[in-house]
Amino acid sequence: MDRRWTDNEITLLSQVLPHVAEQLRPSLTNLHLAVTRLVPPELRDRDAEADTVAAVTSQSYFRLLRVVNNLSCAPQLLEDTPFVTENIEVVSFLDVLCRQAESLAREAELTLIYRLEPTSLIIAVDREQIERLFWNLLSNAFKFTDKGGRVTVTLKRAGEQVLLSVSDTGRGISEELMPTVFDRWLHVDRADPSPHGLGLGLPLCRNIAERHGGRLLLQSEVGKGTTVTVAFPRGK
């Protein structure tokens, strides 16, 4: 990475944003617990209105949780040292995550498709970081895709690389925004509209990809959707 950070940016990433996350997290957790008790699963099963309220609340909670998690991880953008990795069977690992995401897709009234082409594939990664990357990519796809849209997760081998792609049929990114898509959090005038976060998700995903020895590719067309592909080395 050749990014040179200013002193103000370093302070913001290493101190201010993590501190904001620390202040928000307990209240966010308490609100989620309170709503879960007020609208338990058995009430949702027999009351359509309560189920709708709970679904909207759940979407908002996970959206805010992703923002808080990204704030906590902001100092990571200052680092470029390779991650400590371990061998994992990535197909079953991603299959579990995709199955967990199905309920969130249903609540957002989206169709989630996942195509994990290899039957088995072992690669060396940082498990926690790959999970963080997956949820950030999926969260972006969900929040910028209108109801009735489709999000597709694909995993395949390509020579000595493993390609993980998340595609959506959402609104896409304009050519005007593309040059600052990885540092939009520094451009208030180009920030995502509320409640779509601070724009830290994609920079964190690129950081994770590069610190695995890989790279992140972004393709987007306004009105047709976006595809983010992360290329990892196949090494063990």
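Visitor: How many bridges join β2 to strand β4, and how do the two run?

Guide: This is a predicted model. In it, six bridges join β2 to β4, residues 150-158, and the two strands run parallel. Leu112 stands opposite Val151 in β4.

Visitor: What makes β2 and β4 a pair?

Guide: Two strands pair if there are at least two bridges between them. Six bridges join β2 to β4, so they pair.

Visitor: How many bridges join β4 to β5, and how do those strands run?

Guide: Eight bridges join them, and they run antiparallel. Here Leu155 stands opposite Leu164 in β5. The hairpin of β4 and β5 has two residues between the strands, and Gly159 takes a positive phi near 65° in that hairpin.

Visitor: In what order do the strands of the open sheet lie?

Guide: The order is β2-β4-β5-β7-β6, five strands with mixed pairing.

Visitor: Why are β2 and β6 called edge strands?

Guide: Each pairs on one side only; β2 covers 111-116 and β6 covers 215-221. On average, neighbouring strands of this sheet are turned by 10° against each other, direction ignored.

Visitor: Which helix lies across β2, β4 and β5?

Guide: Helix α4, residues 90-107, lies across them. It runs at about 175° to β2.

Visitor: What is found in the loop between α4 and β2?

Guide: Glu109 is found there. Its phi is near 60°, a positive value in a residue other than glycine. Most residues other than glycine have a negative phi.

Visitor: Why is Glu109 called partly exposed?

Guide: Its relative accessible area is 46%. Buried means under 20% and exposed means over 50%. The value of 46% lies in between, so Glu109 is partly exposed.

Visitor: Which residues make the contact of α1 and α3?

Guide: Among them are Leu17, Leu24 and Leu28 of α1, and Tyr61, Leu64 and Val68 of α3. By class, the residues of this contact divide into 12 nonpolar, four polar and one charged.

Visitor: Which residues make the contact of α3 with α5?

Guide: Arg63, Arg66 and Asn70 come from α3, and Trp135, Asn136, Ser139 and Lys143 from α5. The contact has one nonpolar, three polar and three charged residues.

Terms used: Residues are numbered from 1 along each chain as its sequence is written. This is a predicted model: local features need pLDDT of at least 70, side-chain atom pairs count only at pLDDT 80 or more; totals for chains, interfaces and linings use all residues. Side-chain values use heavy atoms; hydrogens and water are left out. Helices (H or I, at least four residues) and strands (E, at least two) are DSSP runs, numbered from the N terminus. Axes are lines fitted to C-alpha atoms, for helices over the stretch in contact, and angles run from 0 to 180 degrees between N-to-C directions. Contact means heavy atoms within 4.5 Å. Ala, Val, Leu, Ile, Met, Phe, Trp, Tyr, Cys and Pro count as nonpolar, Asp, Glu, Lys and Arg as charged, and the others, Gly among them, as polar. Buried means under 20% relative accessible area, exposed over 50%, partly exposed in between (1.4 Å probe, protein chains only).
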